[in-house]
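User: I am new to this structure and would like a friendly tour of it. Could you walk me through it by question and answer?

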Amino acid sequence: MKIDRRLREVDPEIADAIQGELNWERETIHLIPSDNLASRAVLEALGSVLNNRYSEGYPGKRYYGSQEFVDRAETLAIERAKKIFGAEHANVQCYSGSPANMEIYFALLKPGDKVMAMDLTHGGHLTHGSPVSATGKTYNFVHYGVDRETERIDYEAVREMALREKPKMIVSGATAYPREIDFKRFAKIAEEAGAISMADTSHVTGLIIGGVHISPLPETDVVMTTTHKTLRGPRGAMILCKEKFAEAIDKAVFPGMQGGPHDHENAAKAVALHEAMQPEFKEYAEQIVKNAKALAKGLIDNGLKLVSGGTDNHLILINLTPIEAGHGAFAQKALEKANITVNKNTIPFEPSSPFYPSGIRIGTPAMTTRGMKEGDMKEIAGFIATVINETKKYKLPEEKTERNACFSRFNKEIDENSTIRKVRKDVIALSRRFPLYEGVSYV
């Protein structure tokens, strides 16, 4: 088989799927806060011939020969990561955020060690010790949360818990917390408690680089970040740490938990870091936060309740409990019909369940990448409120056996809802004002 044929010629079904995704991205208000839109340069590196190589080991210390160009690309990623974050050591080989967190635990803890982290329903991540995650099954996690009244982290309560529990490690960072996290205060608490400080900055790394969020470095012992989200790079991760932990971290990544690195991905990380070092990236990070604040205000003005009353970062969590139905599953599906993509999410002190949660999580990175500003956020807030109002009459049955029938009826009625169809047309019109990947086609 010839290897120089184009995708459309080789596999038209996959080409159709990718073209469908491209069309969808072009005509959708994409508000999932963990998603973003990588540059053509990042995508070009991802699709490069570096995909062809296998490179077990680290630059200058490979188990395979002829690694000159692979080493060059990975070294650039390492040096850029260290420079941009002010880190003593960087490992850029991590495949993704979840295994990277596990690699940190594997490097610095023993099975059964006690770890403090944020509770999943209060905004933490599965790999912060959820009982359904390998992290929760391997280590003894104890969880802090947010204050019931303010829905914000109570740092004094965290300190008291740390001194009482005496964990081996304290993890800061979240996946659904709309306020700035004081990583430096967490590091100080960990030091006082005699614990290793770890920060998971996956969601806010781009904001940190842009100077609109507190950095965990140099105080924090070890930092994990994904490279997509607000950093706007390829799907992957990095670990940054103090030099005293470097050897343990590197051995945990390879050969501890991974084989050969994804060389094309590492090159794309280097590209994303280069882009983040440019002056315009600071403007981008600032605009993400401006847009999030404008979107939050618009939602409040339209009568919706937000967890903690607003946002400091890129992320907003809408509390649907004041609405009679109050389920994120209804809102997510209805918004999807209107070409607005969000994700259902638990809220602090969740009264329902993770599968039928009481909130939806939204964010502004992708739409800021498209070039949208505060005025566009106000318009989007109106779209969201209009659609959510159309879900008010639907209630989730208590009996599980009745839920499938309820959602089947809901999907049919929402699909035919004239108000939502009108919003969809308006969403598409707004999206088309901000072209995406012009000239790209898989047809």
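This is a predicted model: local features need pLDDT of at least 70, side-chain atom pairs count only at pLDDT 80 or more; totals for chains, interfaces and linings use all residues.

User: Is Ser 418 buried or exposed?

Analyst: A residue counts as exposed when its relative accessible area is over 50%. Ser 418 has a relative accessible area of 57%, so Ser 418 is exposed.

User: How far apart in space are Ser 418 and Gly 112?

Analyst: Along the sequence, Ser 418 and Gly 112 are 306 residues apart. In space, going from C-alpha to C-alpha, the distance between Ser 418 and Gly 112 is 55 Å.

User: Let's turn to the aromatic rings. How many aromatic pairs are there?

Analyst: Rings pair if their centres lie within 6.5 Å. By this rule, the number of aromatic pairs is 15.

User: Is the pair of Tyr 58 and Phe 254 stacked or edge-to-face?

Analyst: A pair of aromatic rings is described by the distance of the centres and the angle of the planes. For Tyr 58 and Phe 254, the centres are 6.5 Å apart and the planes stand at 75°. Planes over 60 degrees apart count as edge-to-face. The pair of Tyr 58 and Phe 254 is therefore edge-to-face.

User: How many residues apart in sequence are the parts that Tyr 58 and Phe 254 tie together?

Analyst: Tyr 58 belongs to strand S2 (residues 57–58), while Phe 254 belongs to helix H10 (residues 246–257). Both Tyr 58 and Phe 254 are buried.

User: What kind of pair do Tyr 105 and Tyr 139 form?

Analyst: The ring centres of Tyr 105 and Tyr 139 are 5.7 Å apart, with the planes at 65°. That angle is over 60 degrees, so the pair of Tyr 105 and Tyr 139 is edge-to-face.

User: Where do Tyr 105 and Tyr 139 lie, and how many residues apart in sequence are the parts they tie together?

Analyst: Tyr 105 sits in helix H5 (residues 97–108). Tyr 139 is in the loop between helix H6 (134–138) and strand S6 (140–144). The pair therefore joins parts that are apart in sequence by 34 residues.

User: Are Tyr 105 and Tyr 139 buried or exposed?

Analyst: Buried means under 20% relative accessible area. Tyr 105 has a value of 0%, and Tyr 139 has 7%. So Tyr 105 is buried, and Tyr 139 also counts as buried.

User: Which ring does the charged end of Lys 344 sit over?

Analyst: Ring pairs link Phe 330, Phe 355, Tyr 356, Tyr 394, Phe 407 and Phe 410 into a cluster. The charged end of Lys 344 is 4.1 Å from the centre of a ring, and that ring belongs to Phe 355.

User: And which ring does Arg 148 lie over?

Analyst: Arg 148 lies at 3.9 Å from a ring centre. The face that Arg 148 lies over is that of Phe 349.

User: Which helix gives the most to the lining of the largest pocket?

Analyst: The largest pocket has a volume of about 1200 Å³ and a lining of 34 residues. Helix H1 (7–10), helix H2 (12–26) and helix H3 (40–46) each give two or more residues to that lining. With five residues, the element that gives the most is H3.

Technical notes. Residues are numbered from 1 along each chain as its sequence is written. Side-chain values use heavy atoms; hydrogens and water are left out. Rings of Phe, Tyr and Trp (its six-membered ring) pair if their centres lie within 6.5 Å; planes under 30 degrees apart count as stacked, over 60 as edge-to-face and the rest as tilted. Helices (H or I, at least four residues) and strands (E, at least two) are DSSP runs, numbered from the N terminus. Buried means under 20% relative accessible area, exposed over 50%, partly exposed in between (1.4 Å probe, protein chains only). A charge sits over a ring if NZ of Lys or CZ of Arg is within 6 Å of the ring centre and within 35 degrees of the ring normal. On a 1 Å grid over the protein atoms alone, a cavity is a set of points where a 1.4 Å probe fits but cannot get out, and a pocket is an open set with protein on both sides within 12 Å along at least five of seven lines; lining residues have an atom within 4 Å of a point. Grid points are joined across faces, edges and corners, and a volume is the space filled by probe spheres set on the points.
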